[in-house]
Amino acid sequence: MTEDSPKPATTPRTRAKARHILDNYYIGPARDDAVLEIWGYTLKMSYAPGDRVALHVSTTAPDWDLEIGRDGVEYTQLLHETGLTGQHHPTPQDCSVNGCVWPESFAFTIPADWRPGGYLVTFRARRGDDLVEEHHIILVRAAPDTAPPSYVLVCATGTWLAYNCWGGSNHYEGITGPDGNAFSPVVSTQRPWSRGFCKLPEGAPRALTDTPPRVGDMVRYPYMEWAYAYGYSKKYASAGWASYERHFARWAESEGYEFDFVTLHDLEDDPALLSRYACAVFVGHDEYWSANMRDAVDTYVEQGGNVARFAGNFLWQTRIEDEGRQQVCYKYTADQHDPLVGTDQAHLVTGAWEIAPVDRPGALTFGVNALRGVYAGLGNCVGRGAGGFTIYRPEHWAFEAAQVGYGDVIGAQARIFGYEVDGLDYRFEDGLPFATCTDGAVQEIEILAMGLATNIEADHKIWGETPYIGAADAAFKAMALYGEVTPQTLDACTRGNGMIIHWKKGAGSVFTAATCEWVAGLVRKDMQVIAVTRNVLDRFGAD
């Protein structure tokens, strides 16, 4: 067995809904001494030099090894321990909600010379000839008494938590509820990450297929098939360090940009944290935010900070509770079950930003809204679309040296457009798109490029094909925006878009390329995507 071919640690369960393709398992503890396993977590997600880091590890092996290294352009091993005493700790059935409550197994202090970045923690356990390896990730921030770099990468830990299925439940499906098969509105930070969130083998499929499906073929989901075959979480392609932030961090480092690294949860704890930097960067799938996190960004921009958001799907408000140990998001059921409904704190209900009682459109912060966009390139949701953004304002500084003209498409070969995107209600005048400002957008938002998205999956009547997205999201949007689900309101909610926008907001600026897969353009060395990324960083970092 190699570290790229770990033994599956999966638990069977019955799924009632057909849309959960290949999702008949979750990653979690075997709760069996006969099964060789090792898992671990830390109490926090980020640390600074001088901080003490406690590892909470459970293993069925008599001893285990530890390795920690900086996951940069080159992986650098910085700590290695062998022969640590192993102990198999009981894991509560509700660990995904209330945490594992394992005791401390090993601790160390972050040395002063550890540079900011993502640090991969590797746990290895052996029994005879068998080897099992699992991973964890911590972010190391710059020391608060040092001069910060111009840039900070804010990792999407709210979305990491929402998709983490370790132990049974996340914000999508799970083992909670009266029938033991419901998603959990509450998820714990005190548990390991699902396999694939921290480290992936080279060549692991991304959420979008490399090429659109051929006409007549059944739609495929290679990332789900790969995850099922090798014992990884299906959600690896939706969230986590390994699929998103890691790729941007490695590219930026290779280009000579110096970044600090923080998490969204750091903004919850320290709302003024961003004021140290000229430019805050968000990448990948960045769907779940608390009001405090968002307030921190709004204040930062109004006071002169610059935001570069190469990310998509800014959709759900969360609450961080129990001193950061739990994340709450009732999502589609918020109006029925969130305890803040009908109180003087109803604006903190954990539903979609654009919907009452929250009524705080994402466009007010990042210039675009999730419910005006959503799916592209996933299955039969714009499954044969362009795969990139169509350029409408090529004269904008963001496109310098990108060699684009009006109507050109960037990022198509790299498949950067999807799998979820954010957009706006818009109108065309003389071949140019403008925000209608009916959805929280303001006239100062400049639409630079666009692509098409949808909320209803096309049904091509291919024999044997199972819908994955279906029409449930469109029905939710129709009820939220129009108060009823009818053929007319469903039709109105079918169409969406993804946008690249620029907005001078307050004393600062916002640039948003509203797609989860922008990093695919960096990984696949798309020179136009790289040129735009450089232009934004160079301008925003110099301010």
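Me: What makes E255 partly exposed in this predicted model?

Reply: Set the value against the cut-offs. Buried means under 20% relative accessible area and exposed means over 50%. E255 has 31% relative accessibility, so it counts as partly exposed. R534, with a relative accessible area of 30%, is also partly exposed.

Me: Why are E255 and R534 called a salt bridge?

Reply: The rule asks for a side-chain nitrogen of Lys or Arg within 4 Å of a carboxyl oxygen of Asp or Glu. In E255 and R534 the closest N and O atoms are 2.8 Å apart, and the pair forms a salt bridge. E255 sits in the loop between α4 (241–254) and β13 (259–263), while R534 belongs to helix α12 (residues 527–542), so this pair ties together parts that are 279 residues apart in sequence.

Me: How do you know that D65 is buried or exposed?

Reply: Buried means under 20%. D65 has 16% relative accessibility, so D65 counts as buried. D65 forms a salt bridge with R126, with 3.2 Å between the closest N and O atoms. D65 is in strand β6 (residues 63–71) and R126 in strand β9 (residues 117–127), so parts that are 61 residues apart in sequence are tied together. R126 is at 42% relative accessibility and therefore counts as partly exposed.

Me: What makes R372 and D439 a salt bridge?

Reply: The cut-off is 4 Å, and the side chains of R372 and D439 meet at 3.9 Å, N to O. R372 lies in strand β19 (residues 369–376) and D439 in the loop between β24 (432–435) and β25 (446–454), 67 residues apart. R372 and D439 are both buried.

Me: How many salt bridges does this rule give?

Reply: The count comes to 29 salt bridges. There is also a network of salt bridges that links D295, D298, R360 and K505.

Me: Where is the nearest cysteine sulfur to C198?

Reply: The structure holds zero disulfides. C198 is in none, and its nearest cysteine sulfur, that of C155, is 12 Å away. C198 is at 2% relative accessibility, so C198 counts as buried.

Me: What makes β3 and β8 edge strands?

Reply: Each of them pairs on one side only: β3 (38–42) and β8 (106–109). Their open sheet has three strands in the order β3-β5-β8, with antiparallel pairing. Neighbouring strands of this sheet are turned by 25° against each other on average, direction ignored.

Me: How do you know that β3 pairs with β5?

Reply: Pairing takes at least two bridges. Five bridges join β3 to β5 (residues 52–59), and these strands run antiparallel. T42 stands opposite L55 in β5.

Me: Which residues of helix α9 are buried, and what covers them?

Reply: In α9 (residues 472–482) the buried residues are D473, A474, F476, K477 and A478. Their cover includes β17 (316–321), β19, α10 (487–494) and β26 (495–505). After α9 comes G483, which has a positive phi near 80°.

Terms used
Residues numbered from 1 in each chain as written. Predicted model: local features only at pLDDT ≥ 70, side-chain atom pairs only at ≥ 80, totals over all residues. Heavy atoms only, no water. Helix = DSSP H or I, 4+ residues; strand = E, 2+ residues; numbered from the N terminus. Axes fitted to C-alpha atoms, helices over the stretch in contact; angles between N-to-C directions. Disulfide = S-S within 2.5 Å. Buried < 20%, exposed > 50% of the residue type's maximum accessible area, 1.4 Å probe, protein only. Contact = heavy atoms within 4.5 Å.
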